[in-house]
Amino acid sequence: MPIATINPATGETLKTFEPLGDEEVEERLALAATEFATYRTTGFKQRSEWMRAAADLLSSEQEDVARLMTTEMGKTLAAARAEVAKCVKGMRYYAEHAEEFLADEPADAPAVGARRAYSRYQPLGPVLAVMPWNFPLWQAIRFAAPALMAGNVGLLKHASNVPQTALYLGELFARAGFPRGCFQTLLIGSDQVERVLRDRRVAAATLTGSEPAGRSVASVAGGEVKKTVLELGGSDPYVVMPSADLDAAVSTAITSRVQNNGQSCIAAKRFLVHADVHDAFTERFVERMEALRVGDPMEEGTDVGPLATEQGRDDVEMLVADAVGRGARVLCGGYIPDRPGWFYQPTVVAGVTPEMRMFSEEVFGPVAALYRIADIDEAIELANVTDFGLGANAWTTDPAEQERFVTDLAAGAVFVNGMVTSYPELPFGGVKNSGYGRELSAHGIREFCNLKAVWIG
Ligand code: NAP
């Protein structure tokens, strides 16, 4: 994959970059290692000051950064602005809470025959972050903010189609006052990741992206006995039961499926609707999907922009064609609009069966698969049938059903009467092939720490 900015709304290549050579990679690794030796000794107060300054800087540059993201990967400008605001919030959150999350944890000293016993969180060292293009700022920041606040240093290998956002991130922290080696962008291809990961100066890695990329990075890291956190794909279920507020369930279903032009790991992708409300839900859902404005993501009022890459658009088209070829019905959309760029019309597909790829694979575009379910048992069985387990949505006002969904949905998050979203205050991550480890909250900042047991006699 070339390292380049290619505007997905037009297909035009705007800027290309040469990947770093071995010497340049070596320079950055050396700087990360030397920087870590001193940065790890800085206090929380100092790190918080720098993190707040970085948040202020990002906030003041919101419009430019938003436009850059829209140009590189096609999300609507409104969504890009919201993403910047979310990053600012996440940075301030960790600036405020890191010290409390990483405070020494006292243990029962007499029970272990000590005068004092406690656990201490300490940073691990340089962490490699392999990141995706779909939330090009947020994915990187939700790693960087806790990592830097914990005293780690970061090396960002961003997706090859968002190089300018990657370079912006590589400068942001240094411009805010962090020493230069604390956070560096490596403009490298995915074929250069293994070499960096095997380097003994790199302590750990986190990858957000597809399942194959996760497997590859985790197996290299496993061979080197290095800790990894993996945030991979998802095919989140969205269950609607008869007691649900149907208007809210429909509106939220639309947002969840088409946000970020349908390219979110935690987008609802499979809609499991109870027979009692299935027809009413379907009618309103299809009507709303058809009414969405597909167009230039820079234009105010556009609901759905292009997919980020031509390959991504072709993958979505192939999944729909596969389902239709095996008997699924297209209720709306199901085609590539006649315009330049990598657009795909918002689509609803019904009658999806297990032999269709869409039944078990992630559809990374604005395509909803609709299922009719008879009862809560069938809903849970179908919800859990895929190998993914990232998020799950359930709509019901019945407390017993709510409890059942919370207990039995196999996912890293269950949102009842709402849409799965990430918040700095809540842990984020998956089970099964959606990955392991957690980001965000107190749990996220502890992932790349050595939890040192301390015993003083
Ligand atoms: P991707 O193709 O896996 O790329 C993600 C990153 O991994 C990129 O930086 C890519 O570099 C790199 N990469 C790809 N193959 C690699 C390999 N074999 N070894 C090392 N690095 C490799 O995924 P994507 O298309 O950008 O993102 C979409 C996927 O990410 C979806 O499956 C989505 O669900 C998932 N996602 C998950 C989360 C989550 O939190 N769970 C969040 C967002 C997205 P290049 O660009 O140079 O190929």
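At 32% relative accessibility, Asn-417 counts as partly exposed, a class that lies between buried (under 20% relative accessible area) and exposed (over 50%), with a 1.4 Å probe and protein chains only. Phi of Asn-417 is near 60°, a positive value in a residue other than glycine. The model is predicted: local features need pLDDT of at least 70, side-chain atom pairs count only at pLDDT 80 or more, and totals for chains, interfaces and linings use all residues. Residues are numbered from 1 along each chain as its sequence is written, and side-chain values use heavy atoms, with hydrogens and water left out.

**Residues with positive phi**

- Asn-417 is placed in the loop between β16 and β17 (435–436); helices (H or I, at least four residues) and strands (E, at least two) are DSSP runs, numbered from the N terminus.
- Ser-441 is not a glycine either, yet has a positive phi of about 60°.
- Ser-441 lies in helix α15 (residues 441–446) and is buried, with a relative accessible area of 3%.

**Seven-stranded sheet**

- An open sheet of mixed pairing is formed by seven strands in the order β12-β13-β14-β11-β10-β15-β16; two strands pair if DSSP finds at least two bridges between them.
- The edges are β12 (329–332) and β16 (413–416), each with a single partner strand, so one side of each has no neighbour in the sheet.
- On average, neighbouring strands of this sheet are turned by 25° against each other, direction ignored.
- Strands β10 (residues 236–240) and β11 (residues 268–274) run parallel and are joined by five bridges.
- Within this part of the sheet, Pro-237 stands opposite Arg-270 in β11.
- Helix α14 (residues 399–408) packs on the sheet and touches β10, β15 (391–395) and β16, where contact means heavy atoms within 4.5 Å.
- The direction of α14 makes about 165° with that of β16; axes are lines fitted to C-alpha atoms, for helices over the stretch in contact, and angles run from 0 to 180 degrees between N-to-C directions.

**Strands β8 and β9**

- Strand β8 (residues 204–208) pairs with β9 in the parallel sense over five bridges.
- Ala-204 stands opposite Lys-227 in β9.
- Four of the five residues of β9 (residues 227–231) are buried, so the strand is mostly covered.

**Ligand surroundings**

- There are 28 residues around the ligand, of which Arg-142, Ser-160, Ser-210, Leu-232 and Glu-362 come nearest; a residue is near a molecule or strand if one of its heavy atoms lies within 4 Å of it.
- An N or O atom in the side chain of Arg-142 is 2.7 Å from an oxygen atom of the ligand.
- From a backbone N or O atom of Gly-209 to an oxygen atom of the ligand, the distance is 3.3 Å.
- A polar backbone atom of Leu-232 is 2.7 Å from a nitrogen atom of the ligand.
- Of the 910 Å² of accessible area that the ligand has on its own, the protein covers 86%; such areas come from the Shrake-Rupley method with a 1.4 Å probe.

- Thr-282 is in helix α10 (residues 275–291) and counts as buried at 12% relative accessibility.
- Not counting residues up to four places away in sequence, Thr-282 touches Leu-331 and Leu-370.
- Ser-264 is in the loop between α9 (246–258) and β11 and is buried, with a relative accessible area of 1%.
- A polar atom of the side chain of Ser-264 lies 3.2 Å from the backbone nitrogen of Ile-266.
- Ser-264 touches Asn-134, Phe-135, Gln-259, Lys-269 and Phe-364, not counting residues up to four places away in sequence.

Technical notes:
Polar contact = N/O pair within 3.5 Å; in protein donor to acceptor, adjacent residues only side chain to side chain.
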